[in-house]
Amino acid sequence: MAEIKVDPVDDHTMVIPETEISAQKPHRTLRVASLDIFRGLTVALMILVDDAGGEWPMIGHAPWHGCNLADFVMPFFLFIVGMAIPLALKRIPSKGKAVKKVVFRTLKLLFWGLLLQGGFSHAPDKLTYGVDMQMIRFCGILQRIAFAYLVVALAEIFLKDAQSNDIAAGYCSVFRLYCWHWLLGACILILYLAMLYGIYVPDWQFAVHDKESAVYGRVFAVDCNVRGKLNPPCNAVGYIDREILGINHLYLKPAWRRAKACTDNSPYEGPFKNDAPSWCHAPFEPEGILSSISAVLSTIIGVHFGHVLVHLKGHSERLKQWIMMGFALLILGIVLHFTHAALVFSAIYILVDIWGLKYMFVPLKWIGMNAMLVYVMAAEGIFAGFINGWYYEDPHSTLVYWIEKHIFIGVWNSRRVGILLYVIFAEILFWAIIAGILHRFGIYWKL
């Protein structure tokens, strides 16, 4: 389902001018280093917030309202996917071959998503595997990426006009060339808002299926009977997922469990209050159906940045387009949490592709060039789970736990600081070095 390729060339090679003056010289075909680095940064952020967020809740997902560091990861991923689409498809002239490639890659993403986040893998803490099909989780990070990729890639294939690769560097030139993409985005936004505020949410009930919960098996009722609410128990996003996916197939431990209404330990996890609302015990799907529809917008914005790379050759022309769009989205505030990816990538492009400060970001570049490997092994804990399978007397007496306890937590005499440093050095930096070694031999894991 996935391929380990010995190949120095990835899907996003592009003509990058060395300087503005070099526009008069023959162009060299290079990888877009800033895109590799941005992808590596996003994978590193995922590892950081997943593994250190428990001790540092200010970087983990916001319980409901607000936006923490972890809440940038998914928009960043979707933006990167969108940006790579024009670069990958521009070399496939046949629509049939392009559709075949897109569908096959989507199926591979779905397979890995179900395997890693559907409940089959219990890594890294539990030395078991397998999932009850009555409780399998259908949605997840890779599933959302697969859906957004499929929609936007097909739009790129069928809505793209046969135009010259070089167009005028006017502020709206790229927008005009791909106006149908933006019309699709507008339709998706209208559909999302109409469903979010227009769907009626009735009262509902659920049984607790989390076997680790103190109230396992107990049935709770939630009073809603409303329309247009955005609070945790009565929003249309959760209602659609419960009706279509089934409440047994949702994520059992949503971030809202850390809300002030649920626990006195907020924003940390902790036992629920005696008078906690019933919905605190309920499952919720953060990568559900309706929110995945809106996620397509992040990917379309990424596609626009990819179009700019394809059609405009000078650094200044590209940055004018990107920064203008980033600030326009920020000012309008229509899709605020999609916007930051645009500005962050623009900053990385300036530092890396214009100022040439690539060596500062080499570890992130290595991760970005082997992102799937690092995501599976580190972010999903598969490698740590494998190492934990070799223990002495007790399952918690393993090399991973020993390093974490004695080299990091013990030395700093602080669990919070020790966990943070462990994630940075023993996970992110370690896998950056592994990815760098594989890059040295031209080995990449691609979907």
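Is Cys-280 buried or exposed? Select Cys-280: this residue is buried, with a relative accessible area of 0%. Buried means under 20% relative accessible area, exposed over 50%, and partly exposed in between, using a 1.4 Å probe and protein chains only.

Before going on, note that this is a predicted model, in which local features need pLDDT of at least 70, side-chain atom pairs count only at pLDDT 80 or more, and totals for chains, interfaces and linings use all residues. Residues are numbered from 1 along each chain as its sequence is written, and side-chain values use heavy atoms, with hydrogens and water left out.

A disulfide (a pair of cysteine sulfur atoms within 2.5 Å) joins Cys-262 to Cys-280, with 2.0 Å from S to S. Both cysteines lie in the loop between α7 and α8 (289-311), so the bond ties together parts 18 residues apart in sequence. Helices (H or I, at least four residues) and strands (E, at least two) are DSSP runs, numbered from the N terminus. Cys-262 is buried, at 0% relative accessibility.

Now move to Cys-224 and Cys-234, which are joined by a disulfide with 2.1 Å from S to S. Cys-224 sits in the loop between β6 (219-222) and β7 (226-227), and Cys-234 in the loop between β7 and α7 (236-244), 10 residues apart. This link is left-handed too, with -85° about the S-S bond. Cys-224 and Cys-234 are both buried.

The structure holds two disulfides.

Finally, select Cys-139, which is buried at 10% relative accessibility, and Cys-187, which is partly exposed at 45%.
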